[in-house]
Amino acid sequence: MSREDAEMTTEARSSRPGPRRILTENEIMDAALDLLDEGGVNAASVRGIAARVGVAPNAVYTYFPDKAAIVKAIVEHLLGQVDLAVFSDRSVPWRQRIESLALELRERLTAHPGAVNLMIGGPMDGPRALALNERLMEMLQDSGLDAQESARASYLLIVYVFGSIALEAAELGDGGSVSSEAERIAARYEGFSAIPAGEYPLSAAAAKIMATYVSTEQYRWGLHKVLDGIAGG
């Protein structure tokens, strides 16, 4: 082989693409959550996810046909972080199990405020969402409700839990830093303390309480009221 041929062969070899990047669904989910945390829903585009994991967008489409499929997978991924088996011990009172589950959901989801709107932006009909509903109905039937009542009560709880979390996440903002609960309450109180008492006397008088709407205490209070209503028939 001539020197010229050898150089051409070396150049051809160096121009060949390297080994194909092996991508996993978990990597895509982790990248999507990171982008949601940093920049909100708009940041978690297919191109953004592909850039984050170092592949071409087509590689992401290999796993998910469109962004809607990614969104659904993110919802399932977050719900999958909750170990529902922990709440299946029927020796533990049903109210205690539901409260523990509701608190864990709040903890998991407020850690990713940018993802919360995805939870309520479409039908929660994936396997893990259905497993959550199944567990809730099981616990509610342990309270004495029949099948129809437990289904209605399950929806009521989901509305309360996810609605409360969504309002809290909206205040945190897409891509914003997650401040402590005490810091958020203090900031809210500073704002509510300026309410004109002459124009809004009830709101002005309740400023301290309104400031705690984003607190665990308020979340528990509302949950207890919902469960009281369910238990009372």
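Analyst: Start with Tyr219. Its relative accessible area is 4%, so Tyr219 is buried. Buried means under 20% relative accessible area, exposed means over 50%, and partly exposed lies in between (1.4 Å probe, protein chains only). The model is predicted: local features need pLDDT of at least 70, side-chain atom pairs count only at pLDDT 80 or more, and totals for chains, interfaces and linings use all residues. Residues are numbered from 1 along each chain as its sequence is written, and side-chain values use heavy atoms, without hydrogens and water.

User: How many aromatic pairs does a search of the whole structure find?

Analyst: First, the rule. Rings of Phe, Tyr and Trp (its six-membered ring) pair if their centres lie within 6.5 Å; planes under 30 degrees apart count as stacked, over 60 as edge-to-face and the rest as tilted. The search finds one pair. Tyr160 and Tyr219 form it: their ring centres are 5.8 Å apart and their planes meet at 25°, so the pair is stacked. Tyr160 belongs to helix α9 and Tyr219 to helix α13, so the pair ties together parts that are 59 residues apart in sequence. Tyr160 also counts as buried, because its relative accessibility is 18%.

User: Which charged end sits over the ring of Tyr219?

Analyst: That of Arg106, 5.2 Å from the ring centre. A charge sits over a ring if NZ of Lys or CZ of Arg is within 6 Å of the ring centre and within 35 degrees of the ring normal.

User: How many helices and strands does the protein have?

Analyst: Helices (H or I, at least four residues) and strands (E, at least two) are DSSP runs, numbered from the N terminus. Here there are 13 helices and zero strands. Of the 233 residues, 37% count as buried. The protein exposes about 13,500 Å², and carbon and sulfur atoms supply 54% of that area. Such areas come from the Shrake-Rupley method with a 1.4 Å probe; for residues, only the protein chains shown count as cover.

User: What share of the contacts joins residues 24 or more positions apart?

Analyst: Contact means heavy atoms within 4.5 Å. Among contacts with a separation of 6 or more, residues 24 or more positions apart account for 69%. Arg128 gives an example. Arg128 lies in helix α8. Leaving aside neighbours within four places in sequence, Arg128 touches Glu76, His77, Leu79 and Gly80. Arg128 and Leu79 are 49 residues apart in sequence, yet their C-alpha atoms are 6.2 Å apart. Arg128 counts as partly exposed, because its relative accessibility is 43%.

User: Which residues of α8 are buried?

Analyst: An α-helix has 3.6 residues a turn, so residues three or four places apart point the same way. In α8, the buried residues are Ala129, Leu132, Arg135, Leu136, Met137, Met139 and Leu140. Their cover includes α5 (67-79), α6 (94-110), α9 (147-172) and α13 (216-232). Pro93 lies in the loop between α5 and α6.

User: Why is helix α7 called largely enclosed?

Analyst: Count its buried residues. Six of the eight residues of α7 (residues 113-120) are buried, so the rest of the structure largely encloses this helix. They are Pro113, Gly114, Ala115, Val116, Leu118 and Met119. The cover over them includes α2 (25-39), α5, α6 and α9.

User: Where does UniProt place the feature "DNA-binding region"?

Analyst: At residues 45-64, in an unreviewed entry. UniProt positions follow the numbering used here, feature names are shortened, and annotations may be inferred rather than shown by experiment. In the model, this span is 75% helix and 0% strand, with its end C-alpha atoms 12 Å apart. Ser45 is in the loop between α2 and α3 (46-53). Ser45 is partly exposed, because its relative accessible area is 25%. In α3, Val46, Gly48, Ile49, Ala50 and Val53 are buried. Their cover includes α2, α4 (57-63) and α5. Gly54 follows α3, with a positive phi near 80°.
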